[in-house]
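Student: Please take a close look at one part of this model for me. I would like the strand pairing and the charged contacts around it in one connected account.

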Amino acid sequence: MPLYQFPYVTFDPPNAANRVYRPILSLQIVKGALRLPCFGLVDSGADFCAFPMSFAHTLGLNPLNQTPSATFGAGSGGPAQTYHFDVVLEFPTLGAFPLRAGFMDSLNTLGFGLLGHSGFMDRLIVSFSGQQRAVSIET
């Protein structure tokens with residue numbers, strides 16, 4: 001099985017005393033002929049993959065055709081309405097993963113997605129190294 005190592009991305013958040021390092025990967029969300037290049041945070045605390053609702057609109061996905069579910073966490077401070085759609089996540093080195101991803105308004109200000117257990121980490125071996133500031137992923 002191939003092993004890939006991705007360095008953490010550096011952030012300088014406003015009003016923060018220190019730099020922040022996070023495991024963020026480049027990917028494309030694919031729905032039919034539409035592709036959206038974006039980024040996703042490898043998030044061991046996320047139950048499933050979730051993205052900003054603005055991404056769903058860009059991909060032509062209509063939340064009015066779905067029944068929302070309530071999602072807790074994801075920076076929403078309470079239950080957030082989540083709409084699930086079948087999409088494919090394509091990564092330059094890891095390959096393509098068809099899955100049912102959530103889309104929610106509460107992630108719009110974040111600007112990137114969350115790569116969680118269902119659909120991403122349940123298909124891979126993922127190891128985090130804060131000391132090396134890198135995430136290792138085995139396919």
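Tutor: Start with a cut-off: a residue is buried under 20% relative accessible area, exposed over 50%, and partly exposed in between. D86 has a relative accessible area of 44%, so D86 is partly exposed. Keep in mind that this is a predicted model.

D86 has a charged partner. It forms a salt bridge with R100, and the closest N and O atoms are 3.2 Å apart. D86 sits in strand β8, while R100 belongs to strand β9, residues 95–104. The pair therefore ties together parts that are 14 residues apart in sequence. R100, at 42% relative accessibility, also counts as partly exposed.

The structure holds two salt bridges. The other one joins the side chains of R35 and E90, at 2.7 Å from N to O. This pair links distant parts of the chain: R35 is in strand β5 and E90 in strand β8, 55 residues apart. R35 has a relative accessible area of 45%, which makes it partly exposed. E90 is partly exposed too, at 25% relative accessibility.

Now the strands behind these contacts. β8 covers residues 80–91 and runs antiparallel to β4, with three bridges joining the two. β4 spans residues 24–31, and eight bridges join it to β5, residues 34–42. That pairing is antiparallel as well.

Q28 shows how the pieces meet. Its bridge partner in β5 is P37. Its bridge partner in β8 is E90.

Look next at the turn. β4 and β5 form a hairpin with two residues between them. G32 lies in that turn and has a positive phi of about 65°.

For contrast, turn to another sheet. It is open, has three strands in the order β1-β12-β11, and pairs them antiparallel. β1 (3–7) and β11 (125–129) stand at the edges. Each has a single partner strand, so one side of each is left without a neighbour in the sheet. Neighbouring strands here are turned by 20° against each other on average, direction ignored. β1 pairs with β12, residues 134–138, over five bridges. Within that pairing, Y4 has I137 as its bridge partner in β12.

Key
Residues are numbered from 1 along each chain as its sequence is written. This is a predicted model: local features need pLDDT of at least 70, side-chain atom pairs count only at pLDDT 80 or more; totals for chains, interfaces and linings use all residues. Side-chain values use heavy atoms; hydrogens and water are left out. Two strands pair if DSSP finds at least two bridges between them. Helices (H or I, at least four residues) and strands (E, at least two) are DSSP runs, numbered from the N terminus. Axes are lines fitted to C-alpha atoms, for helices over the stretch in contact, and angles run from 0 to 180 degrees between N-to-C directions. A salt bridge is a side-chain nitrogen of Lys or Arg within 4 Å of a carboxyl oxygen of Asp or Glu. Buried means under 20% relative accessible area, exposed over 50%, partly exposed in between (1.4 Å probe, protein chains only).
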